[in-house]
Amino acid sequence: MIRRVLLSTLVTLAVMSALLIFMNQEDDWANCSGTAPCSLAFLSNNPFSLRCPSATEVPDDTVYWQYQDLSQPQTKPRTFITSGYLRQHRMAMGKMGRRADLRSGSLIMDKAETSDTGLYLCKSANSTLAAYQVDVQDSSLLYVSHRELGESTMPNQSLTVNLGSSHHMVKLYTRWGPWQDCDRCNIIGEQKVLGFCYARLSQDMDEDMDEDEALEVNSVTLPCGLMELHIGQSLPRRGAELQYQMCREPCAKEEIPVGLPEIDDWWSLGQETAFEWMEPREKIRQVVYHDIFDNARMTCPGASVYTPVLWQRDSTFITRRGNIDGRHWLDDAIGGGIYEITNVMPSDRGIYRCWVHGRRVASFQLKTPEMPPVHRHIKRRLPQGITYIVRTFAMVFVFSAMVEIVYA
């Protein structure tokens, strides 16, 4: 039981610290405190976190979060989680509440869904402490590329839309976050960077105004899903991007502070804190049994598209540049956090280890039965001549026996 609680705590802390790195950016990734919502994008099938810094200034049991589906603006925001317990609702609110958790007033959603796109409000009594417009982008549309393989990222797209009697230019592009840490140190490893689909909408275009000029003057920038809701029109399907490159970083040794800082310190520091400040005392060790030709699926706890993840098969480190064959592959939708094997064979037996933020968090021992023996039916045939001789002696023996019986 203690082991499960510790693991759950580590996963939660890892998610929050990784999202801090991604959200701590320039441009209009603004501080989202106050009543005016800011816009953020996340990826489905991964957790996401929304901070509520002012929650520490009010009584703990007064903080709650509300959600509003922006595709139905006539509906009012509805409460789906409060401090101390989950408020159960029917239909979508109950499903959302079961996936939600609070840490010092900040919201953590487990395994985001595209239907989670909408307005989120952190409130206390009748006061709004923070507001977000969230676009959860479909992980099935994730575009993956590798620099060392010569694979390029997606090009920008531009199109014209008609809003009433006016013409507007829309530019679809990828807004990149920072490069994550290398997945290992002192040797060549891999690192990834995540980018989301964003759309920039120009104001009403004059006939003599070119595309770049139109987009620079009083333009509106939103994640693609929110832009569709903003203009009331569908845009070309474009997903988030994930790019990999080779890397080599020295192993940094940092002093481990006594105790753990408060969650608000993690937000303000904007550093990857969870696994740097807390060494897991227990790691998951699991024996996995699979029959021949089964499909195996091993999930690395705490891994997501926002965290550096590393896998090792026996003594071989796994990279996307090589040593992944047609049956062995990593699920890019959660940043390589799931190791999958199709049609398991005896040669797949072994130890599979995973690291998150440079710390080993799990080991899986894959076991399989032996291959069933193949029984071949071999027809033994006597030479044709010997067969005739045996038959002749048999007939003579039978004839002799009949004669003796007649004359007896």
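Analyst: One term to start with. Buried means under 20% relative accessible area. Keep in mind that this is a predicted model.

User: Is Cys197 buried or exposed?
Analyst: Cys197 is buried, because its relative accessible area is 0%.

User: What does Cys197 join to?
Analyst: A disulfide joins Cys197 to Cys224, with 1.9 Å from S to S. The torsion about that S-S bond is about -75°, so the disulfide is left-handed. Cys197 sits in strand S12 and Cys224 in helix H4 (residues 224-231), so the link ties together parts that are 27 residues apart in sequence. Cys224 is buried too, at 10%.

User: How many disulfides does the structure hold?
Analyst: It holds 5 disulfides. One of them is formed by Cys185 and Cys251, with the sulfur atoms 1.8 Å apart. Cys185 is in the loop between strand S11 (166-176) and strand S12 (189-201), and Cys251 is in the loop between strand S14 (241-247) and helix H5 (263-269), so the pair ties together parts 66 residues apart in sequence.

User: Which hand does the Cys185 and Cys251 disulfide have?
Analyst: The torsion about its S-S bond is about 85°, so it is right-handed. Cys185 counts as partly exposed, at 33% relative accessibility. Cys251 is partly exposed as well, at 39%.

User: And what about Cys300?
Analyst: Cys300 is joined to Cys354 by a disulfide, S to S 2.2 Å. That link is right-handed, with 90° about the S-S bond. Cys300 lies in the loop between S16 and strand S17 (309-313), while Cys354 lies in strand S21, 54 residues apart. Cys300 is buried at 2%, and Cys354 is buried at 0%.

User: Switching to sheets. In what order do the strands of the open sheet come?
Analyst: The order is S15-S22-S21-S17-S18, 5 strands with mixed pairing. The edge strands are S15 (284-289) and S18 (316-317), and each pairs on one side only.

User: How do S21 and S22 pair, parallel or antiparallel?
Analyst: Strand S21 (residues 350-356) and strand S22 (residues 359-367) are antiparallel, over 7 bridges. Trp355 has Arg360 in S22 as its bridge partner.

User: Back to S16. Which side chains point to which face there?
Analyst: The side chains alternate along strand S16 (residues 296-299). Ala296 and Met298 point to one face and are buried.

User: What does S16 pair with?
Analyst: Strand S20 (residues 338-341), running antiparallel, through 4 bridges. In S20, Ile341 is the bridge partner of Ala296.

Notes
Residues are numbered from 1 along each chain as its sequence is written. This is a predicted model: local features need pLDDT of at least 70, side-chain atom pairs count only at pLDDT 80 or more; totals for chains, interfaces and linings use all residues. Side-chain values use heavy atoms; hydrogens and water are left out. Two strands pair if DSSP finds at least two bridges between them. Helices (H or I, at least four residues) and strands (E, at least two) are DSSP runs, numbered from the N terminus. Buried means under 20% relative accessible area, exposed over 50%, partly exposed in between (1.4 Å probe, protein chains only). A disulfide is a pair of cysteine sulfur atoms within 2.5 Å.
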